[in-house]
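Here is a short briefing on one protein chain. Look over the sequence and the fold before reading on.

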Amino acid sequence: MRAVQASLPFAGPVGAVKAVNSSTVAAAGLSRWLRLGSLVEITSLRGPELGEVIRLEQDLIICKPYDARAAIGIGDPVYPRGELDCAPHDSWKGRIIDALARPVDGGEPLRSGMRTIRMAGEPPQAMSRQIVSCGIHTGVRVVDAFTPICFGQRMGIFAGSGVGKSTLLSMLARAPAFDSVIVSLVGERGREVREFVELTMGEAARSAITVVATGDESAMMRRLAPQFATALAEYFRDQGQNVLLIMDSVTRYAHACREVALSAGEPPVARGYPPSVFSHLPQLLERAGPGAEGSGTITGIYAVLVDGDDHNDPVADAVRGTLDGHIVLERSIAEQGRFPAINLLSSLSRLSHRVWTSDQVTAVAELKRLVARFEETRDLRAMGGYAAGADPELDRAVEIVPKLYRGLVQSSADRGSADPFRDIAASLSRENGGP
């Protein structure tokens, strides 16, 4: 039995391919028996090809194959195949698989578990979900101190390209608090997949399931990979586990949804994005979070690639409004050599009050106030308009903030911080002449 299979609910009629273009296939004879999202199997010259119905007409269905290189011709038979499901197994941990649960790491075939789950799962009912209350110690000083994360929280990492997003994701993946880790790499360059898994994630990859859909794969595979990864997270959550779900990136998932929607004939409404993209995003993101009472949690870390460093991009706006907090990585900070390149003023966690003590709330507020004062006077000080002693608060910001910045620098090779506030205080004390 395959790990992923197309269910066969009934022996339906057989359709036939009537038209083929570069992205879709039209078939006749099945409109009455199929719905949007139904799975079909097309028997081509190369063998069976799976596709999904993306549009229904009176006499035709429009479907999009999962394999962009499918050799489909006029007259090829088309069969209804229900919907995609899979049977996960604990032995999948440490494996790298594609969006159809086929191993791509050269290892042995995947074992199938006893329980079958749907790829397109649904979130728990709102009133049956647990209340998020327990904080997570990630070991990343700047995250634990300024944007703390809780079990079941959904956090976004908003960044342009080349500012340390993947490195920060790998550091968070090493947090020891989780029972299972699921990583979804969507639209990545082919050469970067092995580098991310073996070099960036390192030992953490041995206990993670990595679902990969590279940039050269079809939009259907790139759209399916995050859904499949979320289904795996739901499977382990329902076993009572605390699961970490890392997705890189939601933006490329939105690009795939856009390509599929345009192929189905939807009109673009916002910078080329059709309306359905903005309904698919919350449907996917809401599946993460705290489970129903008695089950585990899915803590979601979603990378959002902001095109051209534009943080007001429609996808970034939609995702930011859905998640429970956001970490903003700035290119200007990365260019100074400060990693993680997190903008302390733009980043926030909506559940930080569940983690911080009253003293920590006061300390963070004071530090952010000094950082804001330091940054808003940067140009003034660069032009020589600052004189020590004229503004006591600015004097304090000029003294403390650079030391704070240096104390927050942390690389993937550094040991995780056991107590971020103690480490920051010790760093400031040492630089002030303390022991």
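Does Thr297 count as buried or exposed? Thr297 counts as buried, because its relative accessibility is 7%. Buried means under 20% relative accessible area, exposed over 50% and partly exposed in between, with a 1.4 Å probe and protein chains only.

This is a predicted model, in which local features need pLDDT of at least 70, side-chain atom pairs count only at pLDDT 80 or more, and totals for chains, interfaces and linings use all residues. Residues are numbered from 1 along each chain as its sequence is written, and side-chain values use heavy atoms, with hydrogens and water left out.

**Around Thr297**
- Thr297 lies in strand β18, residues 297–305. Strands (E, at least two residues) and helices (H or I, at least four) are DSSP runs, numbered from the N terminus.
- The side chains of Thr297 and Asn242 are joined by a polar contact of 2.8 Å. A polar contact is a pair of N or O atoms within 3.5 Å; within protein, one must be able to donate a hydrogen and the other to accept it, and residues adjacent in sequence count only if both atoms are side-chain atoms.
- Beyond its neighbours within four places in sequence, Thr297 is in contact with residues including Gln130, Phe151, Arg237 and Pro290. Contact means heavy atoms within 4.5 Å.

**Nonpolar cores**
- The largest nonpolar core has 57 residues, and Ile182, Phe228 and Val319 touch the most other members. Such a core is a set of buried Ala, Val, Leu, Ile, Met, Phe, Trp, Tyr and Cys residues joined through side-chain atoms within 4.5 Å.
- Helix α4 (residues 219–237) gives this core its largest share, twelve residues.
- Apart from this core lies another, of 56 residues, among them Val143, Leu169, Ala175 and Ala334.
- In soluble globular proteins, nonpolar side chains tend to be buried together.
- Not counting residues up to four places away in sequence, Phe228 touches residues including Cys86, Trp92, Met119 and Val211.

**Helix packing**
- α4 and helix α5 (residues 250–263) pack at an angle of about 130°, and their axes are 8 Å apart. Axes are lines fitted to C-alpha atoms, for helices over the stretch in contact, and angles run from 0 to 180 degrees between N-to-C directions.
- That angle makes α4 oblique to α5. Angles under 35 degrees count as roughly parallel, over 145 as roughly antiparallel, 65 to 115 as roughly perpendicular and the rest as oblique.
- α5 and α6 pack at an angle of about 135°, with axes 10 Å apart. They are therefore oblique to each other.
- Residues making this contact include Val250 and Tyr253 of α5, and His280 and Leu284 of α6.

**Helix α7**
- Helix α7 spans residues 314–322, and its buried residues are Pro314, Val315, Ala316, Val319, Arg320 and Thr322.
- Their cover includes α5, α6 and β18.
- At the start of α7, a side-chain oxygen of Asp313 reaches to within 2.9 Å of the backbone nitrogen of Val315.

**Two more residues**
- Pro420 is in helix α12, residues 420–431. Pro420 counts as buried because its relative accessibility is 7%.
- Pro420 touches His137, Arg141, Asp144 and Ala145, leaving out residues up to four places away in sequence.
- Gly164 is found in the loop between β13 and α2. At 25% relative accessibility, Gly164 counts as partly exposed.
- Gly164 and Ala292 are 128 residues apart in sequence, and their C-alpha atoms are 35 Å apart in space.
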